[in-house]
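Please look over the model below before reading on.

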Amino acid sequence: VLFKTVDRGVITFPELASQIGKTTALAAPLGVSIEEVAAGIAVLTKNGIPAADATTQLNSIMARFIKPSKEAQKVAASFGIELTSQSLASKGLAGALTEMIEKTDGSKEALAALLGDARAIRGAFVLGKEGGQQFNDELVLMQNAAGATDTALSYQEQGLAYQLGILTNNFNAMA
């Protein structure tokens, strides 16, 4: 999944390694899968958001489900949306965002009122763009990420440094 995140997003392994822990530390207890976190990071970074901001925005979205404001609770109730950590765990991040988009008819004002935090709003607007299609497409790719390690290795094997390493090992073995 992490190889696929780097492949699909605009992020390097060092950036991902330094940032992903901030998001998974909140995602895991909330029942948000690594695939959803990875898809979110890929989509956000592809849309021009730096890695550090992408993880902050994902955290902010998830945090709104833990402790929504009183205004957000009222808005959620008016649309028939359950804004709780249990609903996030049962629907997943993609499902919860899709529900918000569908029940608010994609109203940016309603989404902003539900999320209440500028970072969460920015992230949700990107993830919810076009009805969340890009996010859902990336999620499917992340869920089917088996083989991404093999692909990454095949690219590495084509590199000069890797080939020189094999040649050196062969010479050492012959000696």
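1. Glu 138 is buried, at a relative accessible area of 2%. Buried here is under 20% relative accessible area, exposed is over 50%, and partly exposed is in between (1.4 Å probe, protein chains only). Glu 138 sits in helix α9, residues 129-143. Setting aside neighbours within four places in sequence, Glu 138 contacts Arg 8, Ala 39, Ala 42, Val 43 and Lys 46. Contact means heavy atoms within 4.5 Å.

2. A word on the basis. This is a predicted model, where local features need pLDDT of at least 70 and side-chain atom pairs count only at pLDDT 80 or more, while totals for chains, interfaces and linings use all residues. Residues are numbered from 1 along each chain as its sequence is written, and side-chain values use heavy atoms, with hydrogens and water left out.

3. The chain has 11 helices and 0 strands. Both are DSSP runs numbered from the N terminus: helices are H or I of at least four residues, strands E of at least two. Of the 175 residues in the chain, 40% are buried. Take the contacts between residues at least 6 apart in sequence: 69% of them join residues at least 24 apart.

4. How do α2 and α3 pack? Helix α2 (residues 13-30) meets helix α3 (residues 34-46) at about 130°, with the axes 10 Å apart. Axes are lines fitted to C-alpha atoms, for helices over the stretch in contact, and angles run from 0 to 180 degrees between N-to-C directions. The two helices are therefore oblique to each other. Angles under 35 degrees count as roughly parallel, over 145 as roughly antiparallel, 65 to 115 as roughly perpendicular, and the rest as oblique. On the α2 side, the contact is made by Leu 16, Ile 20, Thr 23, Thr 24 and Ala 27; α3 supplies Ile 34, Val 37 and Ile 41.

5. Now the largest nonpolar core. Of its 45 residues, Leu 93 and Met 100 touch the most other members. Such a core is a set of buried Ala, Val, Leu, Ile, Met, Phe, Trp, Tyr and Cys residues joined through side-chain atoms within 4.5 Å. Not counting residues up to four places away in sequence, Met 100 touches Phe 65, Ile 81, Leu 83, Leu 111, Leu 114 and Leu 115.

6. Ile 61 belongs to helix α4. Ile 61 is buried, with a relative accessible area of 0%. Beyond its neighbours within four places in sequence, Ile 61 contacts Leu 93, Leu 97, Ala 120, Gly 123, Ala 124 and Leu 127. Ile 61 and Ala 118 lie 57 residues apart in sequence and 9.8 Å apart in space, C-alpha to C-alpha.
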